[in-house]
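Student: I'm new to this one and would like a close look at a single part. Could you walk me through it?

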Amino acid sequence: LSCLKPFLPLHANGVSYRDKAILLSGAIGDGKSTLTASLLSDGFSLLSDDLAVIRLLRGGFTLEPGIPELRLWPRSLLNIKSQGVKEEVLYPETSKKRIRLDGQCLWHFKNERTDLAGIYILSRKKTGRIYIEGLKEREAFRGILQHLYLPVISDLKIQSRQFEKAAQLVQRVPVKRLVYPSGFSLLPKVREAILEDLKS
């Protein structure tokens, strides 16, 4: 994907709400999958887990659908409303579980290319308040580059192309930082903050 011209791969989870896609990006441990599961329990649909494939199309950016599954730690499953969600072993070396979003799962998967409405870069703290702040283009660009899903590529043409796409992305799609404290009990308030921001 990194070598294909139309695509920009990002380390992020994609969800759909009212026919618009949003991305939850961040470092390992920032809670992307757990927050995604919480949103799925509240009416959002999954578009992708861990790898978001963004595409520049007709002057705008879209999110390509990924694989209809979500990977979660058992503790997250225990603490999120997940009735009707069946888990299975991902592979023996890890306790992480795979949830297949098939026709029998109460969580929904959207298998359609969807217009990208916004990107939230997650910043999870031990304590503190929940807030969302818009990022200026330079800071947003730096945030996108930090979370590009790229192998080590020495081809300068490919690097230049990806940098150019990232620059176009932050000019056309809002990139914001979502700061929130740890704690499963606080996830409903995080969801509310995202919904309020989407409405505005």
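Student: At what angle do the axes of helix 1 and helix 5 cross?

Tutor: Before the angle, a word on what we're looking at. This is a predicted model, where local features need pLDDT of at least 70, side-chain atom pairs count only at pLDDT 80 or more, and totals for chains, interfaces and linings use all residues. Residues are numbered from 1 along each chain as its sequence is written, and side-chain values use heavy atoms, with hydrogens and water left out.

Now your two helices. Their axes cross at roughly 75° and come within 10 Å; an axis here is a line fitted to C-alpha atoms, for helices over the stretch in contact, and angles run from 0 to 180 degrees between N-to-C directions. Helix 1 and helix 5 are therefore roughly perpendicular to each other. That label covers 65 to 115 degrees, while under 35 is roughly parallel, over 145 roughly antiparallel and the rest oblique. Helices themselves are DSSP runs (H or I, at least four residues), as are strands (E, at least two), numbered from the N terminus.

Who does the touching? Helix 1 brings T34, L35, S38 and L39, and helix 5 brings L187, V190, R191 and I194, with contact meaning heavy atoms within 4.5 Å. Sorted by class, that makes five nonpolar, two polar and one charged residues. In this sorting, Ala, Val, Leu, Ile, Met, Phe, Trp, Tyr, Cys and Pro are nonpolar, Asp, Glu, Lys and Arg are charged, and the others, Gly among them, are polar.

D197 is buried, because its relative accessible area is 16%; buried means under 20%, exposed over 50%, and partly exposed in between (1.4 Å probe, protein chains only). Leaving out residues up to four places away in sequence, D197 touches Y120, I132 and K176.

A pocket, on a 1 Å grid over the protein atoms alone, is an open set of points where a 1.4 Å probe fits, with protein on both sides within 12 Å along at least five of seven lines; lining residues have an atom within 4 Å of a point. Of its 38 lining residues, K32, S33, R71, W73 and K96 are the closest to the centre. Elements giving two or more residues to that lining include helix 1 (32-40) and helix 5 (187-199). The lining divides into 17 nonpolar, 12 polar and nine charged residues.
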